[in-house]
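Please review the structural briefing below, which treats salt bridges, strand pairing and surface patches in turn.

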Amino acid sequence: MKTLLRVFCLFFGALYLFSATYGQTAFAAQDVPSEHTAPEPSSLAEWPAGPSLEAEAGILIDAKTGTVLFGKNADEKLYPASITKLMTALLVLENVPMSDVVTFSYEAVTSIEYDSSHIAVTDGEQLTVEQCMYALLLHSANEVANGLAEHVAGSMDAFVEMMNNRAAQLGCTNTHFANAHGLHSENHYSTCHDMALIMKELIHNDAFIQFSAAAKYTIEPTNKQPEPRYLRQSHKMLTQSEYTYEGTVTGKNGYTPEAGNTLVTYAARGDLELIAVSMKSNWKHYDDTIAMFNYGFDNFTSHNMTNVPIETLSSVDFLSASQSIFDTSAPDFRLSDDNWAILPNQLGEGALQSSLSLNTSAKSGEAFADITYSYQGVPLGYGSLILSDSGKEHFDFNSHAPKESEGTSGKQETPAGKPASDNEEADTQAPDSKESEEKTTSGSFFSNLLSRISDNPWLLAWAALGVFVLVLLIILIRKLIQLWKRRPPKNPTLVRARQAKKDFRRRYRKRHKRFRRESETMERR
């Protein structure tokens, strides 16, 4: 046993030294596998150098593909301030009609800070959702954000849950919302990259562009307010100012003392569409945004990949592979209208490599394959391949069914017109094909297992530990069995004495119970 314990201690000592030496690297590889991490575009030698920003964080992405053209601390968690209202607007546009009437509650109009931006809505006042959207995006009215949240979800807490769920659906990995307006909360944060993803989703909504890009809007008198309210655009790149910028489509600004200046802007020139985000700036957010837009429009070109010949997309002849033997209709493929890639000006679309991710269960009109356009392994564009029917007639099995003949003799004919002997040969070949498929499946399983072990040394270490512990338990159980068999025999005299003691106690309890019953009987008499 002593030798066994020494071996056990030595093994765990070696395992501890291994974890101290390679633990951090192994666990990092387990959390973020290197083979699934695509290199950043900025790692390319041909990628232009980015601008210098005054803000703590900023990002510039291509609005069509989502490619990050430039970033500075783009994934750092920061307070978003009023650009939070972009997510509020997205949920409102997705869930309620603009003609709905919002009745503001006491909590919605009084739970905001008294000196924050508002349009002086009172308890019980009614506005349409359309009027609320103008107040939300032009004047950044915080009580309006609360009222919309209650109207959409029933309560502000339920709306916050919707915000976080929608952010996760959009791919936001470092965002957590705590309210619908963006006023300061320690648990309310986002990143430049996540806010760019939210804006990327919003720009496809025409109603959002209409509300957020309006120069001015008037809210007519309501049931509580006899005077009209006049709203004006607050994004300086959309107004006549020193920051007016050609191509600016829409955007949203924000500010709190804790968040500093925040700004999200969408601009387009020709086919090139860009989204810029600036966070935690000290009144330099417009300068930084213009610098990022200048960098993007001066150095990059958006390429429409719809006209690329389909045959050049992949070396695999998937067109003929999808053709059925009995089907005379040839499947047609067309590129969707959203096939785009972005490249530095010095590179052309001929430098891109394409890879396909097939969806073999696609029906006519659905995406048969997702396309990724990359340069030196860096994804720079995306698209899809749509499956469509050529319109030719399909093979009709019913019209070609064999007719039954009376008095058939000789070899039995099959529906395909072949002798039964041929079918028997095919049947004998079927088990062989199944065996080969099983061998292929088992081979792929072991190859995947070996690749996992080679990628993660910890997997091998824990497997060895499991085997060692199992062997140790078997040895211990065997030792215990041997000790049980070697136990000394029982002393007969001691056994008889113990049994006599048990019998005495049992007789004593019986006599005591009988005595108690007799005493109780005497007392009752």
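The points that follow are grouped by topic.

This is a predicted model, in which local features need pLDDT of at least 70, side-chain atom pairs count only at pLDDT 80 or more, and totals for chains, interfaces and linings use all residues. Residues are numbered from 1 along each chain as its sequence is written, and side-chain values use heavy atoms, with hydrogens and water left out. Helices (H or I, at least four residues) and strands (E, at least two) are DSSP runs numbered from the N terminus. Burial is stated by relative accessible area: buried is under 20%, exposed is over 50%, and partly exposed lies in between (1.4 Å probe, protein chains only).

**Salt bridges**

- Side chains of opposite charge can pair when their charged atoms come close.
- With a salt bridge taken as a side-chain nitrogen of Lys or Arg within 4 Å of a carboxyl oxygen of Asp or Glu, the count comes to four.
- R166 and E94 form one of these bridges, at 2.8 Å from N to O. Because R166 belongs to helix 6 (residues 156-169) and E94 to helix 2 (residues 85-95), this pair ties together parts that are 72 residues apart in sequence.
- R166 also meets E201 in a salt bridge, with an N to O distance of 3.4 Å. Here helix 6 carries R166 and helix 7 (residues 192-202) carries E201, so the pair ties together parts 35 residues apart in sequence.
- E125 lies in the loop between helix 3 (106-110) and strand 4 (126-128), and R229 lies in strand 6 (residues 229-232), so the pair ties together parts that are 104 residues apart in sequence.
- Both partners of that pair are buried: E125 has a relative accessibility of 0%, and R229 has a relative accessible area of 8%.

**Strand pairing around strand 8**

- Two strands are taken to pair if DSSP finds at least two bridges between them.
- Strand 7 (248-256) and strand 8 (260-269) run antiparallel and are joined by eight bridges. They form a hairpin with three residues between them, and T256 has G260 of strand 8 as its bridge partner.
- Strand 8 is also joined by eight bridges to strand 9 (residues 272-281), again in an antiparallel arrangement. T265 has A276 of strand 9 as its bridge partner.
- In the hairpin of strand 8 and strand 9, two residues separate the strands, and G270 takes a positive phi near 65°.
- Strand 8 itself is mostly covered, with eight of its ten residues buried.

**Surface patches**

- Patches are made of residues with over 30% relative accessible area and no salt bridge; like charges are joined within 9 Å, and nonpolar side chains (Val, Leu, Ile, Met, Phe, Trp, Tyr) within 5 Å.
- Accessible areas come from the Shrake-Rupley method with a 1.4 Å probe, and for residues only the protein chains shown count as cover.
- Lys and Arg count as positive and Asp and Glu as negative, while His and the chain ends are not counted. The place of a charge is taken as NZ of Lys, CZ of Arg, CG of Asp or CD of Glu.
- E113, D115, E186 and E258 form a negative patch. E258 sits in the loop between strand 7 and strand 8, and this residue is partly exposed, with a relative accessible area of 34%.
- A positive patch is formed by K501, R505, R507, R509, R511, K513, R514 and R517. R514 is found in helix 13 (residues 492-524) and is partly exposed at 42%.
- V469, L473, I477 and I481 make a nonpolar patch of about 330 Å². I481 is placed in helix 12 (residues 457-485), and its relative accessible area of 43% makes it partly exposed.

- G381 lies in strand 15 (residues 378-389) and is buried, with a relative accessible area of 0%.
- G381 and T67 are 314 residues apart in sequence, and their C-alpha atoms are 7.3 Å apart in space.
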